[in-house]
Every structure is written in C-alpha cells, then in structure tokens.
Amino acid sequence: MANDFIKIRCTNCLVLNRVEASRIDHEPRCGSCKTVLTVPRQPIFARQDAFDRDVSYWPETLVVTFTSNSCVFCRISDPLLSELMVKHPGKLKVLKVDFDHDALLVERFKVMKTPSYLVYKAGEFVIRMDGPFKEKSELAKWIENLISYTSY
Ligand SMILES: [Zn+2]
C-alpha cells in the first residue's frame, strides 16, 4: 500500500496525528499531549447526541450503516463491515444505526430500507447507497475503493 501513514485524532486534545501504519499497535502517543492514540476495531452504534461530532472528527473513511435485526442482508453486511475495519485499522470507522429504534437518524437521512450506507471522508459526505448489494464482494469492493480514494 502506497500510504504508510494513518491519521489518528487524539481523543484528549483533538490534535490530528500522523502515525506510521506499522506503529499503530505499539501505543503511539499524541505529539501534542502524549495521550496514547487508539483506533477503533469494531463498529459502534451511533449516538444521536454525538453523531455530528463523530462524523466530523474522523479523518478517514466513515461508513454509517442503517441495520435491522430482522433484515437478512444486514446479517451479511454487518460482519463484513467488522472484518473490513480489522483489515484497515485507522482507515475505516463504522457507525451503526438501528433502523428499528433510532427514528431520529432514520428520519433525518430519509432512510427507507436496510441496509443503507452513508459514506463520509474526513467529515465530508461522499456518497450513499440505499438497499443491499447483490453480492457481498460488491459491498467489500465498494468500501475498499472508497478507502483508497484520496482526492479530498
Ligand atoms: Zn493529544
């Protein structure tokens, strides 16, 4: 991979750090306040009150996925997104929105079906996809293309 650096925002002072990819598991520290920098390894559920901040603070690719327990496609999509986060540490963050319970976010983004995906890069909205991909591999390819797309 061409890019050997990962941007990690310090959770303490919010400074954006550039960390060598090979060092992210070796407790890199913030250049400003020395707090240990960590990258998320698993999707988390979006919180209504923190949603905009979570989106704008993430310096790389962020995928918001609207999922439902009763959706068969989500049972394929959810674990795949988890795998991609592990495969691309620091490059991908996934926020899950519970389609059945988080009415405010569902309404705000006019989501009608699951799974739906909203993609942001460095806090800027890039693209959305409503409804499932035909193949699991298509979803993986779509996300990985967005991760490597860097003209922002
Ligand atoms: Zn810091």
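The points below go from the overall fold to the domains and then to one residue.

1. This is a predicted model, where local features need pLDDT of at least 70, side-chain atom pairs count only at pLDDT 80 or more, and totals for chains, interfaces and linings use all residues. Residues are numbered from 1 along each chain as its sequence is written.

2. The protein has 4 helices and 7 strands, in the order β-β-β-α-β-α-β-α-β-β-α from the N terminus. Helices (H or I, at least four residues) and strands (E, at least two) are DSSP runs, numbered from the N terminus.

3. The C-alpha atoms fill a box of roughly 45 × 35 × 25 Å along the principal axes. Of the 152 residues, 28% are buried (20 or more other C-beta atoms within 10 Å of the residue's own, with C-beta atoms placed from the backbone).

4. The domain assignment, automatic or from a database, gives domain 1 (1–38) and domain 2 (40–148). Their centres, taken over C-alpha atoms, are 23 Å apart. Each side brings 6 residues to the contact (C-beta atoms, placed from the backbone, within 7 Å). On the domain 1 side, strand 1 (residues 5–9) supplies the largest share, 4 residues.

5. Please look at Val39, in the loop between strand 2 (16–20) and strand 3 (44–45). Val39 is buried because 20 other C-beta atoms lie within 10 Å. Leaving aside residues up to four places away in sequence, Val39 touches Ile8, Ile24, Pro89 and Gly90.

Terms used:
Buried ≥ 20, exposed ≤ 12 C-beta atoms within 10 Å, placed from the backbone. Contact = placed C-beta atoms within 7 Å.
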